Amino acid sequence: MPDVLLSIADIPWGVMTIVLPLAGAMSSFLWPRRALPLGLATALAIVICVAGLGWQLVQQGAQRYAVGGWGAPLGIDLYADGLSLLMLMMTAVVGLGISIYSCGYFNLERARYFWPLWMFLWAALNALFLSADIFNLYVTLELLGLAAVALVALAGGADALTGAMRYLLVSLLGSLCYLLGVTLLYHSFGSVDIAILAERVESSPTVWAAMGLMITGLLLKTALFPLHFWLPSAHASAPAPVSALLSALVVKASFYILLRLWLELFPFASAALAQLLGLLGAAAVLWGGLQALRQTQLKMLIAYSTVAQLGYLFLAFPLASITGWTGALYVLLSHAAAKTAMFMAAGNILYFGGHDRIVDLDRVVQHLPLTITAFALAGISIMGLPPSGGFIAKWLLLEAAILSGQWWWGIVLILGGLLSAAWVFKVVGYAFTRSEVPHEARAVPAAMEWTALLMAMVAILLGLFVPWLLALMEIGLPFGGVGSAG
Amino acid sequence: MNWGAALPLFVLASSLLPGLVIFFLPEERVAIRSTLNLVGAALKLVLAGVMVWGIFHGSHFETRLPLLPGLDLLLRADPLSMLFVGLSSILWLVTTVYAIGYLEGSPNRSRFFGFFSLCVTATVGVALAGNLITFLLFYELLTLATYPLIVHRGTEVARRAGRTYLIYTVAGGTLLLIGTVWLYTLAGTLEFTPRGFLSTLDGASSTALVIIFVLLIAGLGVKAALIPLHGWLPQAMVAPAPVSALLHAVAVVKAGAFGIVRVIYDVYGIQFSATLGVTLPLAIVAAVTIIYGSMRALFQDDLKRRLAFSTVSQVAYIVLGITIVGPIAAVGGLVHLVHQGVMKITLFFCAGNLAETLGIHKVSEMNGVGRRMPWTMAAFTIAAFGMIGVPPLAGFISKWYLGLGALDAGQGWVIFILAGSSLLNAGYFLPILYAAWFKTPADAWPAERSFGRRETAWALLAPPLVTAFLTLAVGLLASAPFSPLQWARFITTLEYAE
Amino acid sequence: MSPALLYALVGVGLFTLGLYALIVHAHLLRKILAINVMASGVFLVLVALAARTQGTPDPVAHAMVITGIVVAVSATALALALMLRVRAATGRAELAEEPLE
C-alpha cells in the first residue's frame with residue numbers, strides 16, 4: 001500500500017471532527033453574512049474527517065487519543081471504536097443532508113443564528129461519540145442539550161418557545177440525575193475513565209444507585225415511554241431541519257451513552273432491569289404508534305413516530321445477544337436517515353402549502369413528486385418492509401427474539417410495523433386527493449426536495465450494505481463478551 | 001463477463017432501468033416512453049429465452065449477493081422459475097402494447113408505466129428468487145409497486161380499494177415474514193432445494209413446522225386469493241384494465257400461487273409435507289375456494305368482478321394440483337399456472353376493450369356485442385371455452401391432468417370438485433357468449449367511441465388475439481418439446497423422482 | 001458522622017427538594033431556581049466526597065465541580081432568556097398545559 005495512503009491514517013482525524021465544527025461555529029457567528037458558505041464548507045470538511053477516521057480505524061483498529069498529551073485519569077481521552085465510528089458516520093451523513101437542506105429553508109435573518117448553533121450542536125455530538133470518560137460525556141451532553149433547545153426556540157412562535165422551555169427543563173433534569181450518578185461512581189472507584197471503571201466496577205448499593213440515576217436521566221433525554229412527554233411538542237414545533245436533527249441525532253446521543261454504560265459498566269445489571277427496559281420500549285412502540293394515527297398534523301405525527309421507533313431500540317436490552325444489538329443499531333441508523341427524510345418532506349409540504357394538515361394535502365403527489373417519493377421510501381424503512389435498513393433491523397430483532405425464546409417481543413415488533421404502515425399509507429393516500437381548502441402554493445427549492453429524496457435513499461440503501469457496516473461495527477469489539485453470537 | 005452471474009440481474013434490469021427513467025419523463029413524451037417500454041419488454045423476453053436455452057443445455061445462472069450474515073440475496077434460474085419468468089415476459093410484452101393503447105390520452109402515464117415496470121421487475125424477482133428471503137423481498141416489493149397502480153385514478157373508490165388491498169397484503173406479508181424468520185432460526189438456511197431441506201431436521205418439533213407452514217401459506221394465500229383471504233381481489237378491479245389483466249390475473253395472484261408451490265416443493269418437500277399432514281387440509285381449502293369462487297362469479301353482473309371471482313376459483317386449481325400428492329396432479333397444477341394466465345388475460349383484455357370502446361361494464365349490457373366487435377368476442381369465446389375445459393384448449397389439458405392425477409393418488413373426491421366447477425364455469429360463461437352472439441343489442445351502447453372501420457384500436461385488438469391464439473396453441477401443441485406441459489412434466493420429475 | 005458525610009447528605013437532600021419543587025411549581029422562575037438548587041446539591045455531594053482524611057482534597061472532583069458550575073450558569077442564563085421570551089409570547093411565565101398523552 002502506498003505510503004501516502006498509510007500516512008493519511010496517522011492524521012488525528014478524531015480530534016479534527018470536534019475542532020472543525022467549533023471553528024465553523026465561531027466563524028459563522030463572527031461573519032453572519034458568510035454563515036451559509038462557512039457552514040456548508042464545515043459540513044463537507046467534517047464528512048471528509050469522518051471518512052479519514054474510518055480509514056484510520058480500518059487500518060489500525062480502535063484508537064485512543066489523549067487530548068493535549070494528558071492521558072487518563074487526569075486528562076481527557078478520546079476513544080474511537082466501531083460503534084463510535086458508525087455514530088459519527090450517521091451524524092456526518094445526516095448532518096450534510098441537513099446542511100444542504102437548510103440552505104434553502106432559512107431566510108437570512110434566521111440563518112445567522114441557525115448556523116452557529118447547528119455547528120455547536122454538531123461539535124457536541126462528535127465530542128460525545130468520541131468521549132472516553134463519563135464526566136466528559138456529561139459536559140458534551142449538556143452542550144448538546146443547550147444547543148438543541150436554542151435551535152428549537154429559533155422558530156419563534158408560542159408553541160416553539162414553550163416546547164423549547166419544557167425541553168430545556170427536562171434536559172437539565174436529566175443531566176443532573178446523570179451527574180449525580182457520575183459523582184457516586186467516581187466516589188466508589190476513583191476514576192471517571194470508562195476503561196478504568198470497567199475494570200474496577202463491581203456490584204454494590206452505591207453502584208446500584210448510580211446506575212438507577214444515570215439510566216433515569218438518560219431515559220428522560222432519550223424520551224422513552226413514559227418519559228417522552230416533552231418530545232412531540234419540541235420536535236413538531238421546531239423548524240423542519242431542526243426537527244430532523246433532533247429526532248435523528250440528538251435523542252440517539254443519550255441512547256448511545258446508555259448503551260456504552262450498559263455494555264461496559266453495568267454488565268451485572270439484573271435481567272429484571274433489562275426486562276423493564278424492554279417493557280417500556282414495547283409500551284413506547286405501541287403508544288407512539290397509536291398516537292401517531294390520531295394526529296391531524298404531519299409533523300406531530302412524525303414526532304410520535306420517533307417516540308415509537310425509539311421504543312424499538314430498547315427491545316434489544318432483554319434480548320442481550322449480538323443479533324439483538326445489531327438489530328437495535330440498525331434501527332438507530334436507518335431511523336436517522338428515514339426520519340430526516342420524513343421531516344424534510346414535511347418541511348417541503350409546509351413550505352409549499354403553508355400548512356401541514358394531513359387531510360388537506362391537496363394532490364401533493366402531483367406538485368411535489370420527489371417529496372412524496374421521499375416520504376414513501378422513508379416510510380418503507382420505518383414500516384420495516386424490504387428492501388430497507390428498517391427491514392434488516394426488524395429481521396435481526398425478530399431473529400434474536402425467537403432464538404432467545406422471548407417471542408413476545410417479536411409480537412411487539414410486528415404490531416409496531418403494522419401501526420406504522422397504517423399511518424404511512426394514510427398520509428400517502430391523502431397525497432393523491434384534492435383538498436377542499438384552496439391555498440397559495442409556493443415553489444419548493446430543488447435542493448430541499450432532492451436532499452429529502454437522497455436521505456430516503458440512504459435509508460433504503462442501508463438495507464443492502466449490511467456486511468460492510470457490520471464489519472465496521474466490529475472494530476474494537478464494542479459488543480465483545482456480551483451474550484452469544486446469533 | 002460471467003454470464004452465469006450477470007444474466008439474472010440483466011433480466012431484472014431490463015424492466016427496472018426503463019421504469020426508473022420513465023418516472024422522470026415529462027408527460028408529453030409519448031414516443032420515448034412507449035419505445036422504452038417496448039424495448040424493455042422485448043429485451044426481457046429475449047434474455048428469458050436465452051436463459052431457457054442455456055438451462056436446456058446445462059448452464060447455471062445464479063447471482064449471489066451478501067445480504068445478512070449467513071443469508072444471501074440469491075437469484076437462481078431453475079426450471080420452475082423459468083416457467084414463471086417465461087409466462088411473465090411474454091405476457092408483459094403483450095400487456096405493454098395493450099396498456100399503451102388503453103391509456104392513450106389519460107393523465108399521469110409516466111407514473112403509471114414507471115410503477116408498471118417496477119411491478120414486472122418484482123414479479124420476475126419473485127420468479128428467480130433462490131431462497132425464501134429473496135422471495136420475501138420481491139414479494140413485498142410487488143405489494144408496494146402494485147398499490148399505486150390500483151389507486152392510479154385517484155377516485156374515492158380507487159383509494160378505498162387500495163386501502164383494502166394494503167390491509168390484506170401487508171398483513172399477509174407480515175405472516176410470511178414471521179414464518180420465514182422462525183424457519184430460519186430452526187433450519188439455519190432458507191435456500192430452495194428440490195424435495196425440501198426440512199426433512200432432515202431433527203429436534204425441530206413438527207408442531208412448530210406445521211405452524212410455520214400455516215403462517216407461510218396464509219401469507220402467500222393472500223396474494224393467491226385463497227378463501228378467506230381473497231377479499232381484496234374483486235375490489236381491486238377498479239384499477240385500469242391493463243392492471244387487472246396483467247397484475248391481478250397474472251402477476252400478483254400467480255406470485256402467491258408460485259410461492260405456495262415453492263414452499264411445498266422446495267422448502268418442505270412434497271413427501272415431508274404429506275408426512276406432516278398439511279397437504280390434505282390445504283387441498284380442501286383449495287377445493288372450497290374453487291367452488292366458492294365459481295359460485296360468486298355466477299351472481300356478478302359487473303364483468304370484471306365476474307372475471308375476478310373466476311380468477312379466485314381458477315388459481316386454486318394450481319394449489320389443488322400441488323397438494324394432491326401425486327406427479328400427474330402436480331403436472332396439472334403447474335401447467336395451469338401458464339394456461340390460466342393466458343386464458344384469463346385474454347378475458348380481461350376483451351373486457352377492457354368492451355369498456356373502452358363501448359362503455360360496457362356489465363354483462364347485462366353485452367347483448368349482441370358479438371356483431372359489433374366480432375374479433376374481440378371471438379377471442380373471448382376461445383378463452384371462455386378454455387376456462388370451461390373444452391378440448392383441445394388450454395384449460396382442458398390442465399383439468400385432464402388434475403382429474404387423472406386425483407384418481408391416481410386415490411383422491412377421488414377431487415373429480416367431483418372438478419366436474420362441479422366446470423359446470424359452474426359453463427354457468428357463468430355460456431350466458432355471456434349466448435347474449436353476445438345471439439341476442440339483439442339495445443338501441444345504443446353506453447358510451448361508444450368510434451375507430452373508423454375497425455372495431456377498436458389496433459393496440460387494443462392485437463393483444464387479446466395473440467393470447468387467444470396462445471390458448472389454442474398450448475392446448476393443440478401440448479406434446480411439442482417446449483410446451484408448458486412438457487416443461488411442467490420436467491419440473492415434476494425433479495420433485496417426485498426417487 | 002463525619003463532616004463530609006453530612007455535606008453529602010445535605011447535598012442529596014437539596015437534590016430531592018429541588019426535584020420536588022421542579023415538579024410541583026408552575027411558575028418558570030421557580031422551576032429554574034429548583035434546577036439550580038438541584039445542581040448545587042449535586043456539587044455539594046461531589047465536593048463532600050472529594051474530601052480525604054489526609055492531605056489535600058481531591059482536585060479532580062473540584063475541577064468537575066467548577067466545570068459543572070460553569071455549565072449551570074450558562075444553562076440558567078439560557079433558561080432565563082427563554083422564560084422572558086415565553087412570557088412575551090404567551091403572556092404568562094408558565095408552561096402551557098402539556099398535551100395530555
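Read along the sequence, chain C runs α-α-α. Keep in mind that this is a predicted model.

**Exercise 1.** Work out how many helices and strands chain C has, and what its radius of gyration is beside that of a compact globule of 101 residues.

*Solution.* 
- Start with the elements: chain C holds 3 helices and 0 strands.
- Next, take the radius of gyration: chain C comes out at 17 Å, but a compact globule of 101 residues would be near 13 Å.
- Then check the spans: along its principal axes, the C-alpha trace of chain C covers about 55 × 25 × 20 Å.

**Exercise 2.** Find what percentage of chain C is buried, and what share of its contacts with a separation of 6 or more comes from residues 24 or more positions apart.

*Solution.* 
- For burial, use the cut-off of 20 or more other C-beta atoms within 10 Å. Buried residues then make up 33% of the 101 residues in chain C.
- For contacts, keep those with a separation of 6 or more; in chain C, 55% of these join residues 24 or more positions apart.

**Exercise 3.** Sort out which chains touch, and which pair has the most contacts.

*Solution.* 
- There are 2 pairs of chains that touch, and chains A and C have the most contacts.
- Chain B and chain C don't touch: their nearest C-alpha atoms sit 27 Å apart.
- Now look at chains A and B: 21 residues of chain A meet 22 residues of chain B.
- On the chain A side, α17 (389-403), α18 (407-431) and α20 (466-473) each bring at least two residues.
- By type, that side of chain A splits into 17 nonpolar, 3 polar and 1 charged.

**Exercise 4.** Describe how domain 1 and domain 2 of chain A meet, and say which element gives the largest share of the domain 1 side.

*Solution.* 
- Count the residues in the contact: 39 come from domain 1 of chain A and 46 from domain 2 of chain A.
- List the elements giving two or more residues on the domain 1 side: α4 (82-105), α10 (231-237) and α11 (240-264) of chain A.
- Pick the largest share: that's α4(A), with 14 residues.
- Finish with the residue types: the domain 1 side that touches domain 2 of chain A has 28 nonpolar, 9 polar and 2 charged residues.

Technical notes:
Residues are numbered from 1 along each chain as its sequence is written. Chains are lettered from A and ligands numbered from 1 in the order in which they are written. This is a predicted model: local features need pLDDT of at least 70, side-chain atom pairs count only at pLDDT 80 or more; totals for chains, interfaces and linings use all residues. Helices (H or I, at least four residues) and strands (E, at least two) are DSSP runs, numbered from the N terminus. The radius of gyration is taken over C-alpha atoms; the globule rule is 2.2 Å times the number of residues to the power 0.38. A residue is buried if 20 or more other C-beta atoms lie within 10 Å of its own, exposed if 12 or fewer, and partly exposed in between; C-beta atoms are placed from the backbone. Two residues are in contact if their C-beta atoms, placed from the backbone, lie within 7 Å. Ala, Val, Leu, Ile, Met, Phe, Trp, Tyr, Cys and Pro count as nonpolar, Asp, Glu, Lys and Arg as charged, and the others, Gly among them, as polar.
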